[in-house]
Amino acid sequence: MKLINKEHFDRQIKGKQVGLFTLQNSHGMTCQITNYGSRIVSLWVPDKNGDFDDIVFGYHCIDEYLSSNGQYYGAIIGRYANRIADGRFTLESNTYTLFRNDGSNHIHGGAEGFNNKIWEAYQPSKNQLELTYLSEDREEGYPGNLGVKVVYELDEDNGLQISYSATTDKLTHVNLTNHSFFNLRGICEDSIIHHLIQIHARTYTALGEDGIPTGEIYSVENSPLDFTQLEPIGKYIDDHHEQIERGHGYDHNYIIEGTGLRLAARVEEPISGRVMEVITTEPGMQFYTSNFLDGSDIGKNGVPFGYRGSFCLETQHFPNTPNESHFPSTVLHPNDTYTSTCIYKFSVNE
């Protein structure tokens, strides 16, 4: 297990200290996190033979993150994960205009989202890290001073728990997630199309031609988006189906069955035997298969961020909720607290 050198992240940016923090449990599972974007830099998980591999795409040093085109790798996304149509929404008769960084739409918090911010970091123990950030009123166009706290905790069941909380002094919208790119084979050039996935969802939010939800809820039944049973990711990924073509593969928000903290998805990699489960309190989860990566960014170990070389499972509220009143609300009121939990739990099939 060759961990990232902490010195490669030891520098000041705009007067704030950037660092690299290491979490580890008694089984040897290890996660490295930087407070630049509150992002996961590496995640070392054992395979069926007990050998550890890093399964999260990223870079060796802070300079590579700063110069990267793939600015979301491993980061916390906010204030609003995913897309908001036309970069605007209305609250209490006030219309707010956001930065448009996805054509005419707003995506992942704008030009300088939470992924580009230097968070305050505090490590109370070897398996826990607390990160905080104050997003000021009208940052990227959003109303209210928003205080955000993210806690990463590596437990003894090989689960990486991400706990989110936030408060505001004005009515606003909040939707946070982690944008890690996974390959359970490790950092390599192997496609993820042979990974097996099961998603506990019978419906999803339909995509329009611009990637914004149409507002319609579609059933997965008899479609290439049906992963109610364990299936290879690549089985239907190139089908001539309207939704697959609009996403250029999978780039869809699944509506997770049930409420409270529950299992959203399970991914198995047959060769390594690694199993990843996604557990969440969120109503939705974005399944993305790196359809827009082209290998031009080179990451750890000289491995390119390739087309369908990794997958994302981003627990979240639905895209464009601020403009769809029938979606579960993302409004946060003053004196209320936003909370969300996601657990990426790892095991092996022998």
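Start at the largest cavity, which holds about 30 Å³ of space. Here a cavity is a set of points, on a 1 Å grid over the protein atoms alone, where a 1.4 Å probe fits but cannot get out. Points are joined across faces, edges and corners, and the volume is the space filled by probe spheres set on them. The model is predicted: local features need pLDDT of at least 70, side-chain atom pairs count only at pLDDT 80 or more, and totals for chains, interfaces and linings use all residues. Residues are numbered from 1 along each chain as its sequence is written, and side-chain values use heavy atoms, without hydrogens and water.

Searching the whole structure gives 1 cavity of 30 Å³ or more.

Next, select the lining (residues with an atom within 4 Å of a point). Pick Asn82, Arg83, Thr205, Leu207, Gly211, Pro213, Asp251, His252, Asn253, Gln286 and Pro319. Strand 19 (201–207) and strand 22 (251–256) each give two or more residues. Strand 22 has the largest share, with 3 residues. Strands are DSSP runs (E, at least two residues), numbered from the N terminus.

Now move to the largest nonpolar core: 56 residues, with Leu43 and Tyr254 making the most contacts inside it. Such a core joins buried Ala, Val, Leu, Ile, Met, Phe, Trp, Tyr and Cys residues through side-chain atoms within 4.5 Å; buried means under 20% relative accessible area (1.4 Å probe, protein chains only). Show strand 14 (residues 146–154), which gives the most to this core, 5 residues.

Center on Leu43. Not counting residues up to four places away in sequence, Leu43 touches residues including Met29, Asp53, Leu160, Phe182 and Phe346. Contact means heavy atoms within 4.5 Å.

Finish at another core, apart from the largest one: 20 residues, among them Ile4, Ile62, Ile118 and Val303.

Note on methods. 1 Å grid on protein atoms, 1.4 Å probe; cavity = no way out; pocket = protein on both sides within 12 Å on 5 of 7 lines; lining within 4 Å. Helix = DSSP H or I, 4+ residues; strand = E, 2+ residues; numbered from the N terminus. Buried < 20%, exposed > 50% of the residue type's maximum accessible area, 1.4 Å probe, protein only.
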